[in-house]
Amino acid sequence: MANFEVVTAADVRLMQGLAQRVTAIRPDLVNSDASFGELAWIWGRGHASDGASWPRRLWFSGGDLVAWGWARLPRRVRRSDGSEKDVTNAYLAYQVHPDHAGLVDEVIDWYDGAAMDIERTVRPSAADEFALRRWAAHGYETDPASLGDTGSWTQLNERDLTDLEQPVLPDGFRFRTADEAGPDAAVRAHLDAWAPSTYTAEGYQGVRRTAAYRGDLHILVEAPDGTMASSTIMWLDEADKTAEFEPVGTHPDYRRRGLGRAMLLHGMHLARVAGATQMTVACMGAPGHPEARGLYYSVGFRELSRDAPLIKTRTAG
């Protein structure tokens, strides 16, 4: 696909609007990478470096966006340790409104055309039985990498914001916001937690420019020596009165001290004050990835939905 339109900030706002409408009626059908907060996070952090490899198509009905596809094509990425990685396959994020479910066939055809003959992956909601049948009809199969104890599928978790515990930090630690700590501290906190990472100062500036970002809902935990030991961003969806944690991370030297748990509880108190009544957070769902899931369960989250990773190889057509 030599000529295509790439994802813009205006597109992301339309996609977020569709996420809000689907969340209001069938939250279990919001696809992986298609939630209100995830869209802002992914586009914000990566559009400057990777946006040229992000073709998209939008489908409208009566002026409303009812379906979209956002392909991520092969590219080279540079990580914070100086290493480079070639991404050789294609991945699709997409969403179709339940009232327009038949459009999934058009989304699939568009994706196959955009990705041509390279390996293609996608992660529809496991609850979307109609879409799963249509993907199978187009030659997509369960991704072998998703099978077994260390599978690569994602689980979305939720809880309401009643009966919140009070957060407790170890002596000498304190909560900060990104507005207070500043951009350098916010970026360093993420890089320390996720190294090696593709995140950059430029990526954070992109995150800050998204319509959904609020620096007062970007939480950090500062250690006595000034290190930003944990951090998370909360994305507030005022229409549905929900908020989403994405990402959540802790510096390796500060793990198993209760910082992540305290930060999540503190964040949920802030989200409730901001108007949210529900909270969501995603994690790896396979049994071999228990750490994040255990943390989220410890503060009251439970599974809402999971995705179904699919793949179509070159040999499949």
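Which hand does the crossing of α1 and α2 have, right or left? You'll find out in the first view below.

This is a predicted model, where local features need pLDDT of at least 70 and side-chain atom pairs count only at pLDDT 80 or more, while totals for chains, interfaces and linings use all residues. Residues are numbered from 1 along each chain as its sequence is written, and side-chain values use heavy atoms, with hydrogens and water left out.

**View 1. Helices α1 and α2 pack at an angle of about 160°.** Their axes are 8 Å apart (axes are lines fitted to C-alpha atoms, for helices over the stretch in contact, and angles run from 0 to 180 degrees between N-to-C directions). That makes α1 roughly antiparallel to α2, a label for angles over 145 degrees. The crossing is right-handed, meaning the near helix is turned clockwise from the far one by less than a right angle. On the α1 side, look for Ala9, Val12, Met15, Gln16, Ala19 and Gln20; they meet Phe36, Leu39, Ala40 and Trp43 of α2 (contact means heavy atoms within 4.5 Å). Sorted by class, this contact has 8 nonpolar, 2 polar and no charged residues.

**View 2. Ala24 sits in helix α1, which covers residues 9-25.** Helices here are DSSP runs (H or I) of at least four residues, and strands (E) of at least two, numbered from the N terminus. With 55% relative accessibility, Ala24 counts as exposed (over 50%; buried is under 20%, and partly exposed is in between, using a 1.4 Å probe and protein chains only). Now find Ala239: it is 215 residues from Ala24 in sequence, yet the C-alpha atoms are 8.8 Å apart in space.

**View 3. Helices α8 (residues 259-273) and α9 (residues 290-298) pack at about 45°.** Here the axes are 10 Å apart, and the two helices are oblique to each other. α8 passes α9 in a right-handed crossing. Gly260, Arg261 and Leu264 of α8 meet Leu295, Tyr296 and Ser298 of α9.

**View 4. Asp307 lies in the loop between β14 (302-306) and β15 (310-312).** This residue counts as buried, because its relative accessibility is 6%. Its side chain makes a polar contact with the side chain of Arg123 at 3.2 Å (a pair of N or O atoms within 3.5 Å, one able to donate a hydrogen and the other to accept it; residues adjacent in sequence count only if both atoms are side-chain atoms). A polar atom of the Asp307 side chain also lies 3.0 Å from the backbone nitrogen of Thr154.

Notes. Angles under 35 degrees count as roughly parallel, over 145 as roughly antiparallel, 65 to 115 as roughly perpendicular and the rest as oblique. Ala, Val, Leu, Ile, Met, Phe, Trp, Tyr, Cys and Pro count as nonpolar, Asp, Glu, Lys and Arg as charged, and the others, Gly among them, as polar.
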